[in-house]
Amino acid sequence: TIAKMAEKMNKKEIADHFYLQSLNYKNVFDSSVNLMRGKNKDGSFQSPFNPLKWGDAFTEGNSLHYTWSVFHDVQGLIDLMGGDSVFISQLDNVFEMPPDFDDSYYGSTIHEIREMQIANMGNYAHGNQPIQHMIYLYNYAQVPFKAQQRVREVLLNLYSATPDGYCGDEDNGQTSAWYVFSALGFYPVTPAINQYVIGSPLFTYAKLHLENGNTFEIQADNNSQTNFYINSAKLNSKSYSNTFLRFEDIYNGGKLEFEMQDAPNELWGSKKTDAPYSLSNEKRFK
């Protein structure tokens, strides 16, 4: 984000410095376990290592949560893990494994852990903000239908218009913001990038009234609790296969149309060129 700001200020030397720094996440990735892992002062990885251990190297979470916190370079993380299929399998595993945990660092089960158990989505802890972007990462590996399923599952099961309608604490509005964005059909995964990653719109129709006087419409035909998969999309009446929406598309006004159905369309958004932004895809790193 600092690099992007410096670039817009025409401070190339500063931008280049921080672009390189933003790749430092690779230094805490342990290829032997395909996860992020805490390090000691001497540069060695902490041992023993338990990916289910909350706390210690990971604040209010574990390695299964924070491994995905490469918001600006998901493709770089995919490459570290060994490609799309391994990446997808790693994502799937977090949702499908039991909600097991190691709370030995805290000495008791903190509420964030208990909320993960109650949510009953494996080790996905939506009640704790650091993992809330994770669902949308399927788009970067060209399987957006998996994101569509999980987004709708969270929208319907982990939120409600009741006094206990949150599945966890509300830190600075983030848990609400996730819902508002996701219900509209998209979510800002990467700060300082003009893209919103597409999920599964909750409503059949929504209209945004923008500050500049323009309006942006989102229409999802055949949308229902069972029809949460995107079959096709159009942006301003033109066929659209990108699994992201640009800020300018919204700001300038227009209409995004989805055709929804009850089964995945594994072809929509399945090309590398359909995927959202990643730093590693920039020419400077080729």
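Reader: What share of the 286 residues of the protein chain counts as buried?
Author: This is a predicted model. Buried here means under 20% relative accessible area. By that cut-off, the buried share of the 286 residues is 49%.

Reader: Which radius of gyration does the protein chain have, and why is a value near 19 Å the one to compare with?
Author: The chain has 286 residues. The C-alpha atoms fill a box of roughly 55 × 50 × 35 Å along the principal axes.

Reader: What part of the accessible surface belongs to carbon and sulfur atoms?
Author: Start with the total for the protein chain, about 13800 Å².

Reader: How far apart do the centres of the positive and negative side chains lie?
Author: The protein chain has 23 positive side chains. It has 33 negative ones. The centres of these two sets are separated by 9 Å.

Reader: Among contacts between residues at least 6 apart in sequence, what percentage joins residues at least 24 apart?
Author: A contact needs heavy atoms within 4.5 Å. Take the contacts in the protein chain between residues at least 6 apart in sequence. The part joining residues at least 24 apart is 64%.

Reader: Which residue in E4 is the bridge partner of Phe186?
Author: E3 and E4 (residues 195–198) run antiparallel. Two bridges join them. In E4, Phe186 is paired with Ile198.

Reader: Which residue in E10 is the bridge partner of Ser232?
Author: Strand E7 covers residues 229–235, and strand E10 covers residues 254–261. They pair in the antiparallel sense over six bridges. The partner of Ser232 in E10 is Glu259.

Reader: Which residue in the hairpin of E7 and E8 takes a positive phi?
Author: E7 also runs antiparallel to E8 (residues 238–239), with two bridges. Leu235 stands opposite Lys238 in E8. Two residues lie between the strands of this hairpin. The residue with a positive phi, near 50°, is Asn236.

Key:
Residues numbered from 1 in each chain as written. Predicted model: local features only at pLDDT ≥ 70, side-chain atom pairs only at ≥ 80, totals over all residues. Heavy atoms only, no water. Rg over C-alpha atoms; globule rule 2.2 N^0.38 Å. Buried < 20%, exposed > 50% of the residue type's maximum accessible area, 1.4 Å probe, protein only. Areas by Shrake-Rupley, 256 points an atom, 1.4 Å probe, with all protein chains shown as cover. Lys, Arg positive; Asp, Glu negative; His and termini not counted. Charge placed at Lys NZ, Arg CZ, Asp CG, Glu CD. Pairing = 2+ DSSP bridges. Helix = DSSP H or I, 4+ residues; strand = E, 2+ residues; numbered from the N terminus.
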